[in-house]
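Hi,

Here is the structure I promised you.

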Amino acid sequence: MEEKTVTFQDVLQNEEIRMYLEKGDKYIGTMGFTEHSMVHSQRVAKVAYEILLALKYDARTAELARIAGFMHDIGNVVNRIDHAQTGALMAYNILVRMGMSPREISKVIAAIGNHDEGTGTAVNQVSAALILSDKTDVRRSRVRNKDFSKFDIHDRVNYAVEHSKVSVLEGRVIQLELKIDTEICSLIDYFEIFLNRMIMCRRAADFLNGRFHLLINGTKMV
Ligand SMILES: [Fe+2]
Ligand SMILES: [Fe+2]
């Protein structure tokens, strides 16, 4: 197979990738998981890309993070359990066929395979950016359950987030700013769900020689 530069546009327009993402979102939706659709994939791609550019990494590394970001939840089509590792193997197969070089594929599949807080951690720059963008995607629109009385803690925590924003500030600070309605979810609930993810974000920021800050309702928590 001849090697070529696979762009984000190539990946974004790839029907096979889009099909697995759509079906994966549908299947895990039947199990009650929050939204993992094209909206999540595109947001994660964009934020991972912007973080690396803001931290002055080269454009191609940032583009690989964008590609990994778009594809990262592809493994949900097989099973939610171990979706990171399954997704990495699927991405390997697809990217080989698209002609990406083994050097670049290594970075993308390591990022996808290490994005889940149960089994992964930041292992390269692409992976650190993917973790920071994926774990900070908390928002009301990710809750699919329309019946408040049937909300689980994940639904409650996501629903309570009225506003969220990731920015890269002076001094390589990667900041997640949240506005949470504490009538819906207490900060205790929030931390029960997000503590592991926030620790993962802190390690990822360290990996990029930066720092992770979490601001909730104007108060710096981390
Ligand atoms: Fe995931
Ligand atoms: Fe995700």
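First, the ground rules. This is a predicted model, where local features need pLDDT of at least 70, side-chain atom pairs count only at pLDDT 80 or more, and totals for chains, interfaces and linings use all residues. Residues are numbered from 1 along each chain as its sequence is written, chains are lettered from A and ligands numbered from 1 in the order in which they are written, and side-chain values use heavy atoms, with hydrogens and water left out.

The iron ion (ligand 2) has His40 (NE2), His72 (NE2), Asp73 (OD) and Asp134 (OD) as its protein donors, 2.2 to 2.3 Å away. (Donors are N, O and S atoms within 2.8 Å of the metal, or 3.2 Å for Na, K and Ca; water is not among the atoms, so sites may look incomplete.) Along the chain, these donors follow the spacing H-x31-H-D-x60-D. The arrangement is irregular because the 4 donor atoms subtend angles of 80 to 168°. For that label, four donors count as tetrahedral if all angles lie between 85 and 135 degrees; four count as square planar and six as octahedral if opposite donors are over 155 degrees apart and all others between 65 and 115; anything else is irregular.

The iron ion (ligand 1) is coordinated by Asp73 (OD), His83 (NE2) and His115 (NE2), at 2.1 to 2.2 Å, with the spacing D-x9-H-x31-H. The two iron ions sit 3.5 Å apart, and Asp73 coordinates both. Asp73 is in the loop between α4 (59-71) and α5 (83-98), while Asp134, 61 residues away, is in helix α7 (residues 125-135). (Helices, H or I with at least four residues, and strands, E with at least two, are DSSP runs numbered from the N terminus.)

(Buried means under 20% relative accessible area, exposed over 50%, partly exposed in between, using a 1.4 Å probe and protein chains only.)

**The core**

The largest nonpolar core has 65 residues, and Ile17, Phe70, Met71, Leu178, Tyr190 and Phe212 touch the most other members. (Such a core is a set of buried Ala, Val, Leu, Ile, Met, Phe, Trp, Tyr and Cys residues joined through side-chain atoms within 4.5 Å.) Helix α9 (residues 187-207) gives the largest share, 8 residues. Leaving aside neighbours within four places in sequence, Tyr190 is in contact (heavy atoms within 4.5 Å) with residues including Val157, Leu176, Leu178 and Met198.

**The sheet**

Four strands make an open, mixed sheet in the order β1-β2-β3-β4. β1 (161-169) and β4 (219-220) are at the edges with a single partner strand each, so one side of each has no neighbour in the sheet. β1 pairs with β2 (residues 173-180) in the antiparallel sense over 8 bridges; strands pair if DSSP finds at least two bridges between them.

**One glycine**

Gly69 lies in helix α4 and is buried, with a relative accessible area of 0%. Apart from neighbours within four places in sequence, Gly69 is in contact with Ser41, Val44, Ala45 and Leu130.

Cheers
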